[in-house]
Amino acid sequence: MRKGLLYISLMLVIFYSVGPLLWQLITSLKMDYELTRIPPLLPENPSLVHYIAIFKGRMFLRVIANSAVVASLTTLFALAIGSLCSFGLAKLATRYKALILGFVLSISMFPPIATVSPLYLVIRSIGLRDTWWALIITYTTFSLPLTIWILTSFFRELPDEIYYAARVDGCTPFQSYYRIVLPLSAPGIFATAILVFIFSWNEFLYALTLTSTQASRTIPVAIALFPGIHEIPWGEIAAASVTVTAPLIILVFAFQRRIIEGLTGGAVKG
Amino acid sequence: MKRSEAATWFIAPALLLLAAVTIYPIIHVIYLSLHRKLLIFGISEFVGLQNFLFLLKDGRFWGALGNTAYFTALSVSGELILGLALALLMNKAFSGKGFVRAMVLIPWAIPTVVSAKMWEWMYNGDFGILNYLLGTKVNWLGDPFWALHAAIMMDVWKTTPFVAILLLAGLQLIPPDLYSAARIDGAGPFRLFRHVTLPLIKPMILIVLIFRSLDAFRVFDAVYVLTGGGPANTTETLSVYAYKVLFQTLQIGYGSALAVVVFICVGLIAIGFIGIMGRRVAYR
């Protein structure tokens, strides 16, 4: 009886969590004339017409490519620079460690709106506006606090003896970082990578201000500014939403444990 | 090479990047807020604190501040209550835990812009599923009362997973012996929750409150995409107002002053929470 109640509540929770996305999926499969009447809830003749429409003209493909490049390179840079810093903090630095971590944490609290206008002016004046690099540099920096916090706590858990042994065997600090500490912390690095990737894939405010054409426009901006001729093209927006959410759903299902580790590691140890 | 000397080389790149892309802009935005700067006319003159004085008389600013505070208070409390309920539920023994957790995480992973569009369609007054399911005819996003609450409901849906996952981690740290001991002493489920669970996850609740309050106070995408600040600015938050002044009317000086105010508010909230946490730790 109590088990039954538990499973019913869990089903309600699942329905609440995925209901809106499910409705978007259903909407994306409806023809235009079906969108303006309810009931019926389900499409009479499910059709891929909206998916075909968004992929025609290649604009949407270009936007997906922009997002993929920006998010991948950001992840790569944030992890490279962040893991170096975390290694220095966890295994090398003796002084200022708390100070630096506190500084990094306070930066993660900066409201994006406060930094967006100067960054816009600077990026415009050095000619990087509407390029991938404008976003990659910005996202990499804003991902650093999270990266440094999670990785420092992961590196700290590795016994110092491993590091000293490597040094005694003649490794330079960099070699011991690269050959010993990095491979041993692969799970933590992977967890961080997923979080940074999702952050960069989803970010909106900077993407909205630093991009202006499809040369660098990312998915969130494209969806927010979806062009409609007469009225809002709900079917196409739904198709686009489902398309760009699909990779994230796959990430969540494949790496649910890692994501939770990253989220709680970043918050709890912080 | 000494350890600390080597450390400098490892730490420096990250700190330099942070200084260039976060600290420098903060200093620059404060500088801009003391100027009258209109990009299209090429005007840029020092005006001292005039922007801030004007701000005090700007009804739209006070409206936005009120909306932001209301949004933060309601969405954070909603997320906390729902998130705690969800965490307690997921902490029970059942099969398919990984599956349920992945399902629960989905709203967190969906881009805010996408979820705003999803909810905009569900809120649609004529063909929205929400009116259909509730049997109502509410113009959710066109009604000055409902629009802000619609944005809050969406934010609660989107961020409850984050709260639930963190609180669940907190719950899992509670040793099961404590529960058995309390049960032997005759405590019922309510008293178990009140006297064992709640005190032990209090630190985690505080962490979640800090993260979520700071995040909710800077809210931009959720509101900007869902309502654009309308109807009649009734959903306009500080970040949305600042964005419009900065990039739509291109008053860089005044917009920067608004941005500085957001920065100060967020700083005050952070300091307030750290004060509460500090006292608690000292009390122990």
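**Close-up views of a predicted two-chain model**

Of the 270 residues of chain A, 48% count as buried (20 or more other C-beta atoms within 10 Å of a residue's own; 12 or fewer is exposed, in between is partly exposed; C-beta atoms are placed from the backbone). This is a predicted model, in which local features need pLDDT of at least 70, side-chain atom pairs count only at pLDDT 80 or more, and totals for chains, interfaces and linings use all residues. Residues are numbered from 1 along each chain as its sequence is written, while chains are lettered from A and ligands numbered from 1 in the order in which they are written.

**View 1. Chain A contains 13 helices and 0 strands.** Helices (H or I, at least four residues) and strands (E, at least two) are DSSP runs, numbered from the N terminus. The C-alpha atoms of chain A fill a box of roughly 75 × 65 × 30 Å along the principal axes. Chain A averages a pLDDT of 90, and 96% of its residues score at least 70. pLDDT is the predictor's confidence in each residue, from 0 to 100. In chain A, helix H2 (residues 32-35) has the lowest confidence, a mean of 85. Helix H11 (residues 205-210) of chain A has the highest, at 96.

**View 2. Chain A is assigned domain 1 (1-47) and domain 2 (59-227 + 236-268).** The bounds come from an automatic or database domain assignment. The C-alpha centres of the two domains of chain A lie 34 Å apart. Their contact takes 5 residues from domain 1 and 5 residues from domain 2. Two residues are in contact if their C-beta atoms, placed from the backbone, lie within 7 Å. On the domain 1 side, 2 residues are nonpolar, 3 are polar and none is charged. Here Ala, Val, Leu, Ile, Met, Phe, Trp, Tyr, Cys and Pro count as nonpolar, Asp, Glu, Lys and Arg as charged, and the others, Gly among them, as polar.

**View 3. Chains A and B meet through 74 residues of chain A and 69 residues of chain B.** Helix H13 (residues 234-268) of chain A gives the largest share of the chain A side, 17 residues. That side divides into 53 nonpolar, 19 polar and 2 charged residues.

**View 4. Strands S1 (residues 35-38) and S2 (residues 43-46) of chain B pair in the antiparallel sense.** They share 4 bridges; pairing requires at least two DSSP bridges between two strands. His35(B) has Phe46(B) in S2(B) as its bridge partner. Side chains alternate along S1(B). His35(B) and Lys37(B) point to one face and are buried. The hairpin has 4 residues between the strands, and Gly42(B) takes a positive phi near 65°.

View 5. Most residues other than glycine have a negative phi, and most peptide bonds are trans. The bond from Gly230(B) to Pro231(B) is cis, with omega near -10°. Pro231(B) sits in the loop between helix H10 (221-226) and helix H11 (238-247) of chain B. Asn233(B) lies in the loop between H10 and H11 of chain B. Its phi is positive, about 60°. Asn233(B) counts as partly exposed because 18 other C-beta atoms lie within 10 Å.

**View 6. Asp130(A) has a positive phi, near 65°, although not a glycine.** Asp130(A) lies in the loop between helix H6 (112-125) and helix H7 (132-157) of chain A. With 17 C-beta neighbours inside 10 Å, Asp130(A) is partly exposed.
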